[in-house]
2 protein chains.
Amino acid sequence: MNKFQYDKKGLLIVISGPSGAGKGTVCKALLKEVRNLNISVSMTTRKPRIGEIEGVNYYFVQENEFKKMIKEGELLEYAKVYDNYYGTPKNKVLEKLKHGEDVILEIDIQGALKVKSQFPEGVFIFIVPPSMEELKNRIKKRGTETEEEVTKRFQSSYKEINYISKYNYIVINDDIEKAVERIKSIIIAEKCRVDRLKHTVLKTIEGGI
Amino acid sequence: MNKFQYDKKGLLIVISGPSGAGKGTVCKALLKEVRNLNISVSMTTRKPRIGEIEGVNYYFVQENEFKKMIKEGELLEYAKVYDNYYGTPKNKVLEKLKHGEDVILEIDIQGALKVKSQFPEGVFIFIVPPSMEELKNRIKKRGTETEEEVTKRFQSSYKEINYISKYNYIVINDDIEKAVERIKSIIIAEKCRVDRLKHTVLKTIEGGI
């Protein structure tokens, strides 16, 4: 019997937003709640710190290897922070998707836009704080920055929010449980989207009964 | 404080699909489970049957009134079945949406396509049966039709499935609970879609802190 079926491939879910929006907290809570969900592990040229495990915290590589991967388009995105490179290895992500696992990528806005250019079929979720006032408070509370740095960081977040139209969804992080619930719903709904499913549905129909 | 907020307007959720897909059963189960969800009540020129209540089963009107509404574009869609008109009054739907209530419209494919042309911001969900074989069985089981009528109805369903690309979502009705769960997720996810939210988010940002 020719049954209708959902696509067996997993989804790449990109969780992004300005610093201070709480993407990290949201992702942690989401991973606790949802089975069959993986977080994408970054690749870096920085040396492992004590306790860091290869393939769990990062994939640790040499700079020449990293540069080779850039050259051969094997990274979904990358950035240089001070002297070290950080990036998302494409193959590791594609492998998991192929096996039907959904992959979460928690990343800043610049990184998310780069991923989108290479993988437009990803699901791009923008996390916003409850208010801009709250965002400023959160940046301040980190306490590691001077007043000037706080203002600079806030202004940068302020500008970055204008990129929301490049995303598919906005989730307001006013309540962590609600935010997680919404992202869970987005994942379920995306698997039902016509663009992802119509191909297999029409193929099933062509197969006759 | 300028808080980020979800849109206060409700969603029009159009649940459609070939006859035999089980849209009616899915809608009933959905209405039982979800608060703040209304089913759109049709307008008709047919006489009320015993027990039918105005505004619950149908809005009952005279033919000249119905024709006036057609002329003035006050119906989201309408059809003539034998001697009677049936249609969806636009104002009743818009009023509920304005008050933040989500409205479910259960309708055949032709009707859904008409609604889409007038209300493209609706959420269009196509219900498919578990398989085309199962669809044929379901049509047969109704037992009210001759073999010829069953074949005709099945062929019509077969053709209609080609309209899926006009919809936003496909929900496979292989399990009623799962189908309801998916539609619930679609409703939550749609409220987070950037197209619906970015306007209010950007306005909040413009408002400053």
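A residue counts as buried when its relative accessible area is under 20%. In this predicted model, A:Glu190 has a relative accessible area of 3% and is therefore buried. B:Thr45 is also buried, because its relative accessibility is 9%. The two residues are tabulated here and taken up again below.

| Residue | Location | Relative accessible area |
|---|---|---|
| A:Glu190 | helix α7 (residues 176–191) of chain A | 3% |
| B:Thr45 | loop between β3 (42–44) and β4 (58–60) of chain B | 9% |

**Relation of the chains**

**The interface**

The size of an interface is often given as the accessible area lost when the parts come together. Between chain B and chain A the buried area is about 3,900 Å², and carbon and sulfur atoms give 72% of that area. In terms of residues, 41 of chain B are in contact with 41 of chain A.

Two salt bridges are counted between chain B and chain A. Polar contacts between chain B and chain A involve 14 residue pairs, both residues being at pLDDT 80 or more. On the side of chain B that touches chain A, the elements giving two or more residues are α5 (132–141), α6 (147–160), β9 (169–172), α7 (176–191) and α8 (194–206) of chain B. The residues of that side comprise 26 nonpolar, eight polar and seven charged.

**A:Glu190**

A salt bridge joins A:Glu190 to B:Arg193, with the closest N and O atoms 3.9 Å apart. A:Glu190 belongs to helix α7 of chain A.

**B:Thr45**

B:Thr45 sits in the loop that runs between β3 and β4 of chain B. A polar atom of the B:Thr45 side chain lies 2.9 Å from the backbone nitrogen of B:Tyr85. With residues up to four places away in sequence not counted, B:Thr45 touches B:Val61, B:Gln62, B:Glu63, B:Phe66, B:Asp83, B:Asn84 and B:Tyr85.

Methods:
Residues are numbered from 1 along each chain as its sequence is written. Chains are lettered from A and ligands numbered from 1 in the order in which they are written. This is a predicted model: local features need pLDDT of at least 70, side-chain atom pairs count only at pLDDT 80 or more; totals for chains, interfaces and linings use all residues. Side-chain values use heavy atoms; hydrogens and water are left out. Helices (H or I, at least four residues) and strands (E, at least two) are DSSP runs, numbered from the N terminus. Buried means under 20% relative accessible area, exposed over 50%, partly exposed in between (1.4 Å probe, protein chains only). A polar contact is a pair of N or O atoms within 3.5 Å; within protein, one must be able to donate a hydrogen and the other to accept it, and residues adjacent in sequence count only if both atoms are side-chain atoms. Contact means heavy atoms within 4.5 Å. Buried area is the accessible area (1.4 Å probe) that two parts lose on being put together, summed over both. A salt bridge is a side-chain nitrogen of Lys or Arg within 4 Å of a carboxyl oxygen of Asp or Glu. Ala, Val, Leu, Ile, Met, Phe, Trp, Tyr, Cys and Pro count as nonpolar, Asp, Glu, Lys and Arg as charged, and the others, Gly among them, as polar.
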